[in-house]
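Hi everyone, and thanks for making time.

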Amino acid sequence: MTTSLHPDTLPSHPEPAPAAPLPRLLLTSFLAAGLFTLVCGLGYPLLTTAVAGALLPQQAAGSLISQNGKVVGSAVLGQNFTAPQYLHGRPSMTNKTDGSGPEPYNAENSGASNWGATNAKLRDAVQERIAAFRKENGLTENAPVPVDAVTASASGLDPDVSLATALLQVNRIAQARGIQPADVEKVIRAHLTGRQLGVLGEERVNVLAVNLSLDGQ
Amino acid sequence: MSASILQFVLLLAIMTALVIPVGNWLYGVFAGQRHTAPERLTYRLLGVDPAHGMNWKVYGLAIVASNLAMLLLAYLLIRLQGVLPWNPAGLAAQSPDLAWNTVVSFMTNTNWQAYSGEQSLSYFSQMAVITTFMFTSAATGFAGAAAFMRGLAGKSGANLGNFWVDITRLIYRVLLPVCFALALVFVWQGMPQTLNAYATATTLEGATQKIALGPVASLESIKHIGTNGGGFFSMNAAHPFENPTPLTNALHILSMLLIPSALTYAFGRLLGNLKQGWVIFGGMLVMFLGFLATVYSFEQAGNPILSKLGAEQTMTATHAGGNMEGKEVRFGIAQTALFATTTTAATTGSVDSMHDSYTGMGGFVPMLQMMLNNVFGGKGVGFINFVQYLILSVFIAGLMVGRTPEFLGKKIEAREVKLVMLAVLAHPLSILGFTALAAVTPGALASLNNPGAHGFSEILYAYTSGTANNGSAFAGLGANTPFYNLTIGLAMLFGRYLTLLPMLAVAGMLAAKRRTPANSGTLPTDTPLFGALTVGIILIVGALTFLPALTLGPIADHLQMVQGVVVK
């Protein structure tokens, strides 16, 4: 007796087909594993790679930014800035690729602290970062510091800081470059990205974009 | 605050608006008569007759056999990574225990990752093993849900459909086209999709930055449409290459909810009772909103220990504030809270923030959602779990009023209740049993990244995530040890098959029963009252089972935090 697959069209109590013998079922299973590996695991990603590469070559290759023929970074990844004339990003907890020690903003080995809220290591690290941020930017002893400036990001590659964190660094950058603070602030505000489509996410400043712009002036 | 709420309302409204069209589409996939040309070709290659139906035993056996075949093939490919192509970084194969954990993890749609993607898997493995599994394991779960629904709908007797037809159609008609389109949107927003070797940049300060790349977008789209959750990179959807903008974050969230929420409507149609579908949807949504509000408020309130030091966590005009350790500026607290609630509701397990660094109560919610494991739920399993609680509610309500319980016109008897209870109990047994084992195993405790109550939370979270087939982690836990690879691997298997198979059996048994017409003594299950009763039972059963363990972990953690107690 043949049965149709679909509930809607079936009589109330049809007999389903008898089970396929086990070797037959296993053969089908292995054929399916192979076939879907070809279709979903090779066909689909390779087709996507080809189409994306043709339509959106810049993004598909990692949004790399080149200056004078040399890659200086990716537009969507953060990188480590410590010199006084540059805007600094958030603390990063990434390690060296071989795991032998810290290397902030290692884009080959994303990572985070994974410290819990009550972990003494978190408190000590934040305390240290607050003191360093105040000192480096000439803030007073008790000046509040925006939380994003003193906590490590999830990826260790956060490309952005909040506007508050960026603006607190204006004087230091201006002094190091020998230019007016107002000019630095203008650059920062020019790179302020609003909420996407007016609602999504938060306002932010891309650190690398600001620094490229400052160097270009 | 108002901007945050606006984002929540907007995304949940889009999700709800998509329920009907996507539900109709899924209904067509589950119940349609026509086979397309590529599908017919596939059936011919596999040697299956698409007209043959299967009863629950044959269907269940097909699931197990196909999963086993994929497991073996994937294990082989991962262990041979060193000699296979597209390995520009020259990464060596994973060790046997790690490879076992990886393939079980992806086969069961858990996507627990004891490895770091950019350090451990070649482009070939990311595509041929990980991406493939994301399709097949998601399709397997959704197919299981379809068979389950057909059984409950009971219009086809013992025939629950044909497994091979179900997965082929799901992959060809739903997953592949949606994922391809979505991947291109993702690339447009800044996600890489390339086979080029890792790039090397010279920063403005003269340092060298090596940049890991790869075919990321094609993996990311199926990762969320299939509620898989395993990341291309170690830091998952927090990594800017996996999630470059708030728009991609929003699309990730909507992708995770797309099919699980629409399944409720497809079910209503298969049943011929749309109200029943909406009652399930409503019950899930109510729990979701409660959990979202909890995560958001605790994370936005921040960590008082850091406030005392001078870190400003209150939202101002120029920064969003909140507990930002382990979070990204572009998402802020609102999108992060919505992502965390969604990923643990939809059993996805991807993360766009580090759950390990949440406040005690912020971390409580993801854990509790995985323990309940039925708030939307992923790849069909959440739906099955919710129905499991519907049956339990019918049974308990029947006991209260002294009537034989009925569900969808079928009598619920001892055999079905026993199987439901097996599924209900297997879940906590695996979570709490393995947690207890790890808590008294000295070698296992050496893997902790945090002291005190939070350290216990790390273990509890790991086994909850594994059993719930979620895959997210309190990632500080150094889980790549033989002990954790083995035990979490077992937890993933128990969680997957000890839910799916008993419930498939229940569906098969109900399908074979005669339908009893509703009478004045029948408790209707398609009313808001019954939905509320079910939610109550879910929360009571969940609380009774897990509250003691949660008290030792996240709740103790929270109480310490508000007291300003720091743990060394």
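Predicted model: local features only at pLDDT ≥ 70, side-chain atom pairs only at ≥ 80, totals over all residues.

Residues are numbered from 1 along each chain as its sequence is written, and chains are lettered from A and ligands numbered from 1 in the order in which they are written.

So, how many residues of chain A are in contact with chain B? There are 109 of them, and they meet 135 residues of chain B; contact here means that the C-beta atoms, placed from the backbone, lie within 7 Å. On the chain A side, helix 1 (residues 22-55) gives the most, with 22 residues. Helices (H or I, at least four residues) and strands (E, at least two) are DSSP runs, numbered from the N terminus. By class, that side of chain A has 57 nonpolar, 41 polar and 11 charged residues. For the classes, Ala, Val, Leu, Ile, Met, Phe, Trp, Tyr, Cys and Pro are nonpolar, Asp, Glu, Lys and Arg are charged, and the others, Gly among them, are polar.

Strand 3 (residues 145-146) of chain A runs parallel to strand 3 (residues 311-312) of chain B, over two bridges; strands pair if DSSP finds at least two bridges between them. Within that pairing, A:Val145 has B:Ala311 as its bridge partner.

Staying with strands, look at chain A. Three strands there make an open antiparallel sheet in the order 4-6-5. Strand 4 (160-161) and strand 5 (192-193) of chain A are at the edges with a single partner strand each, so one side of each has no neighbour in the sheet. Strand 4 of chain A is joined to strand 6 (residues 204-206) of chain A by two bridges, and A:Val161 is partnered there with A:Val205.

In chain B, strand 1 (residues 199-202) and strand 2 (residues 208-211) pair antiparallel over four bridges. B:Thr200, for instance, has B:Lys210 as its bridge partner. The two strands form a hairpin with five residues between them, and B:Gly206 in the turn has a positive phi of about 90°.

Now for helices. Two packed helices are described by the angle between their axes and the distance between the axes. Which way do helix 9 and helix 10 of chain B run relative to each other? Helix 9 (residues 246-271) and helix 10 (residues 274-301) of chain B pack at about 155°, with axes 7 Å apart; axes are lines fitted to C-alpha atoms, for helices over the stretch in contact, and angles run from 0 to 180 degrees between N-to-C directions. That makes helix 9 of chain B roughly antiparallel to helix 10 of chain B (under 35 degrees is roughly parallel, over 145 roughly antiparallel, 65 to 115 roughly perpendicular, and the rest oblique). Their contact includes B:Tyr265 and B:Phe267 of helix 9 and B:Trp278 and B:Phe281 of helix 10. By class, this contact has seven nonpolar, five polar and one charged.

Compare another pair: helix 14 (residues 381-401) and helix 18 (residues 482-512) of chain B pack at about 60°, with axes 10 Å apart. That makes helix 14 of chain B oblique to helix 18 of chain B. The contact has four nonpolar, three polar and no charged residues.

Methods: Contact = placed C-beta atoms within 7 Å.
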